[in-house]
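Visitor: I am new to this structure and would like to learn how to read it. Please take me through some of its features in turn.

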Amino acid sequence: MNQTTSTIRSSAPAAPAAPAAPAATATSLDLVSQSLGVTLNRTLHGLILDQLRLAAGAQQTDISDEALIRKSSKVRLLGAMAKAANLPAFPQLKGLPDAELLAQCDPASLARGLFVPLRRSAEQILLAVANPWDYRADDYCEARFPTEEILKVVTLASEISTVIEGTTSSSGPSRADLD
C-alpha cells in the first residue's frame, strides 16, 4: 500500500507555485527606513511601496522600488505610510503640541517610542507617532490617560525629536536662574 501511495504522489502534477511577492531589496527597505526615521519590516515596506505606486499611477509602473523611493520626498513617503495605516499625515508639528500636556510626559519614553501627545480634551488625546504600527504610544497613553480615546496622526521621526528636544531644553532652569 505504501508503494501505491508513493506512485500516485509522484505521478500527480505539481501544484503551481504561488506567485512570490516582489522581494524588497535591502537597499530600498533601508532607504524608506532612513527617510522616515523608523525601522520597518518587509511587510510594512511593501505596504508603503504599494501606496507610492498607487499614488504615482501608470507612469511609474516600470520603475524599480529603489528608484521610486529615491524620487519620492520624505513628505510623499510619510503620506504613503499614513495611507497604508489609514491615518492622517502631519508633515509638520510646529505650533501643535500643548506644552502643559508635554510637561506631564516622560521625555525618555516619548523618544524611545517616537511619539508625542499633541492635544487633549476631556474625552480624547491626540498623538503624533512616527511608526503607526508601534504600540508603545498606545500602551503609554492608556496607562497615563486611561479614560481618553487615543487618536493618532503620523509624522516624521525628526518632527517628534524636535518637539521632545524643545520640551526638554525649555523645561530646565533659565540662564538667568543659573547666574
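**Reading the features**

Guide: Start with a pair of side chains: D138 and K152 form a salt bridge, and their closest N and O atoms are 2.7 Å apart. Keep in mind that this is a predicted model.

Visitor: What is the general idea behind such a pair?

Guide: Side chains of opposite charge can pair when their charged atoms come close.

Visitor: Are D138 and K152 buried or exposed?

Guide: Buried means under 20% relative accessible area. D138 has 12% relative accessibility, so D138 counts as buried. K152 is at 13% and counts as buried as well.

Visitor: How many salt bridges are there by this rule?

Guide: The count comes to five. Another of them joins R136 to D134, with the closest N and O atoms 2.7 Å apart. R136 is partly exposed at 42% relative accessibility, whereas D134 is buried at 16%.

Visitor: Which side chain does R120 meet in a salt bridge?

Guide: R120 meets E148, at 3.3 Å from N to O. Since R120 lies in strand β1 and E148 in the loop between α8 (136–144) and β3 (149–154), the pair ties together parts that are 28 residues apart in sequence. R120 is partly exposed, with a relative accessible area of 40%, while E148 is buried at 11%.

Visitor: Let us turn to helices. How do I read one?

Guide: An α-helix has 3.6 residues a turn, so residues three or four places apart point the same way. Take α3, residues 42–56: at 1.5 Å a residue, its 15 residues should span 21 Å, and the end C-alpha atoms are 21 Å apart, which agrees.

Visitor: Which residues of α3 are buried?

Guide: They are L44, H45, I48, L49, Q51, L52 and A56. Seen down the helix axis, these buried residues fall within an arc of 160°, so they line one face of α3. T43 and L54, on the other side of the helix, are exposed.

Visitor: Which residues touch the most other members of the largest nonpolar core?

Guide: That core has 42 residues, and L36, L40, I48, L52, L110 and V116 touch the most other members. Its largest share, five residues, comes from α5.

Visitor: What does L52 touch?

Guide: Leaving out residues up to four places away in sequence, L52 touches L68, I69, S72, R76, L77 and A80. L52 is also one of the buried residues of α3.

Technical notes:
Residues numbered from 1 in each chain as written. Predicted model: local features only at pLDDT ≥ 70, side-chain atom pairs only at ≥ 80, totals over all residues. Heavy atoms only, no water. Helix = DSSP H or I, 4+ residues; strand = E, 2+ residues; numbered from the N terminus. Expected span 1.5 Å × (residues − 1). Buried < 20%, exposed > 50% of the residue type's maximum accessible area, 1.4 Å probe, protein only. Arc of directions from axis to C-beta. Core = buried A, V, L, I, M, F, W, Y, C linked by side-chain atoms within 4.5 Å. Contact = heavy atoms within 4.5 Å. Salt bridge = Lys/Arg side-chain N within 4 Å of Asp/Glu carboxyl O.
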